[in-house]
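Subject: Structure handover

Hello,

Here is the structure, with the sequence alongside. My notes follow below it.

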Amino acid sequence: MSAMQTDAAFAGLQTTETLTPSQIEARAKALRDQLSLDEKISLMHGQLSLWPGLAAMTAPGGYSSQFWVAGEVARLGVPGIRFTDGPRGVILDGGTTFPVSMARGAAWDPALEERIGDAIGREIRALGGNYFGGVCINLLRHPAWGRAQETYGEDPCHLGSMGAALTRGVQRHVMACAKHFALNSMENARFKVDVTIDPRALHEVYLPHFKRVVDDGVASVMSAYNSVNGEWCGQNRELLTGVLKTRWGFQGFVVTDFIFGMRDAGKAALAGQDVEMPFGLLVSRDLKGLVERGEVPLERVDDAALRILREQVRFGQGRNPCDYAPEIVGCEAHRRLAREAAQKSIVLLKNDGGLLPLRNVRRLAVFGRLADTPNTGDGGSSNTRPAYVVTPLEGLRAALGDRIELAHDDGADLERAAASARGADAALVVVGYTHADEGEYIPSDIFADFLPSFPSPDAEHAAFAQGILGGAMDTGMPLGGDRERLSLSPRDEALIRAVCSANPRTIVAVMAGSAVIMEAWANRAQAILMLWYPGQEGGHAFADVITGEVNPSGKLPCTFPARQEDLPFFDRSATKIAYDLWHGYRKLERDGAAPAFPFGFGLSYTTFSYAGLKLARDELRASDALEATVEVTNAGATPGEEVVQLYVATEGSKVERAPKELKAFARVALSPGETRTVRLSVPAADLAYFDAATSGWVVEPINYAAILGRHAADPDALRARFRVI
């Protein structure tokens, strides 16, 4: 790749100067004022027209073979937004594939996530892009959600911390986009479902993480497909203008989700939508006439154009193009980072008798087709194309060499598997899901429902259009969708039972994008590991943990229930659904339902002790911050990392509140015998509830409890009371 190609990321807007905000604003306005109405509108939609664009997108590998461009103005050197997707890495050829976001959520390590964002941003810039669409921070309301793997977990505090960290890292180099705004937490029905929600649940549970990322300067927000309280998100004025641009003061631009994210150009523009992606559809067809007839004010078009140009000027400055050599893409440093991320994301759920790390094992029998199958996650818009993927079996072979006899059986024949297990010193079963079981979902009739209102194709694309509209065209997207079950497949559970019966020293490793119900077999396995979808270096990381080269430190970013009945209602075909305050650890604790594995839970090869919880002050004003310290000691013989979690409970609130809520966390590395003081801070404003009557936040002058522990259900958690006055 030439330097000229690399410079295409910001073209004529590229400067090594560092501009002040006022200089950025002045340059953006000067550019906008040179544009005709047609050029301003061209900023507001994708560059390709419908049928050529759709043909390119649905070709094999088409979505990940190019940048999706909107708003290029060549005569002024404006490159437009040059979009590529995520979030587990750059989806273009050779980009580094990191563990999925849910796995990285299990690391509870914002500093690591910022480094991952830095790597992703560098790779995009090196490839000629300027816009990353992979900051997915939709809240995991229910683990059956097909794209759960693309977000970080179930808690707004945790989600906001991780999403903001990714944003900061990416935006050292290119623009980032936070998605999908808002309440997109189911997949199969995303194009048709209306989510109803009251103001408290909306602002307290489903929006705080978006605000955190906006406050950290994210360049762009993507609207969701679904509707909220009766209006489609892509043209929902309350969300896009009322909340995002007015209440939060967002200065960036809003884009639609791809192809079907806008239903009406006029309503969308008036609601605050800025860019229709990825093609020129409704905006290119309708918006100019709406402006000329006075139905959409020119000021709204000017505002959208300014927002789009402002971010391109902002990110075109202060960076040297020579820092983005093509060799950065998939480089060794980024592969090492992917391995580190996978190491920190693996959660040890059970380790009876200290079976792990493996010691004194001469023959290890490995079972399951996923042990030797590349399995990095969804095959839809987040699918990546790494140079290689290390499977668990390959990682074990590389780590163990000739020191241990390693046998692999795909587990298809249970009697054969049991016989092999009986002859081994230990057995390992690798099971779980793939992109065929969970992931992005595009219903076969979606094109026929939406596309007939658009211009007819030219002769070159007539046959293609007929195939698409007739439902006969393969879109190239695996149809994983929302999960049919939360347990493993009957085949996997039968394999686990057969191997455990034959060899009590059995380890089960699970690959999946969110919670798995394990009650049918968990008591049979001596050790259980959650691998998630661990990225291209996942096999090496897995072997590092199995052998003890790395001490597992992952903590669950979502509750693993014992029963599906303990979760919120979920219907993957719903056209209407209500969201409220209750899901995850909040709901289970309120209902008195014990989880199989709590939110924030994860074992280690060492033990940690907590002592001496102290609050800097036990009385706070609403403008103060809660400052807590605790002494954390590694009481074992192995170096390790612990995630200290601070929850807060209210006492005597006048509104219904969760029994406790996560408010801060910190990851700390400790040598054997080492004690360290961990400090955590929570602004008193974060203790507020949203008052619908005043449309404002209320910090109640009541008693609270600071609860500091290992996970949301820690019976040994330390507690200290304080009061807001």
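Cysteine 177 is buried, with a relative accessible area of 0%. (Buried means under 20% relative accessible area, exposed over 50%, partly exposed in between, with a 1.4 Å probe and protein chains only.)

First, the ground rules. This is a predicted model, where local features need pLDDT of at least 70 and side-chain atom pairs count only at pLDDT 80 or more, while totals for chains, interfaces and linings use all residues. Residues are numbered from 1 along each chain as its sequence is written, and side-chain values use heavy atoms, leaving out hydrogens and water.

Cysteines. The structure holds 0 disulfides (a disulfide is a pair of cysteine sulfur atoms within 2.5 Å). Cysteine 177 is in none; its nearest cysteine sulfur, in cysteine 136, is 10 Å away.

Lysine 555. This residue sits in the loop between α20 (538-547) and β18 (576-578). (Helices are DSSP runs of H or I, at least four residues; strands are runs of E, at least two; both are numbered from the N terminus.) Lysine 555 is buried, at 3% relative accessible area. What does its side chain meet? It makes a polar contact with the side chain of glutamate 642, at 3.1 Å. A polar atom of the lysine 555 side chain also lies 2.7 Å from the backbone oxygen of glycine 602. (A polar contact is a pair of N or O atoms within 3.5 Å; within protein, one must be able to donate a hydrogen and the other to accept it, and residues adjacent in sequence count only if both atoms are side-chain atoms.)

Aromatics. The whole structure has 20 aromatic pairs. (Rings of Phe, Tyr and Trp, the last by its six-membered ring, pair if their centres lie within 6.5 Å; planes under 30 degrees apart count as stacked, over 60 as edge-to-face and the rest as tilted.) Phenylalanine 83 and tyrosine 131 have ring centres 5.4 Å apart and planes at 75°, so this pair is edge-to-face. Phenylalanine 83 is in β3 (residues 81-84) and tyrosine 131 in β4 (residues 131-136), so the pair ties together parts 48 residues apart in sequence. Both residues, phenylalanine 83 and tyrosine 131, are buried. They belong to one aromatic cluster, which also includes Tyr63, Trp68 and Phe253.

Best wishes
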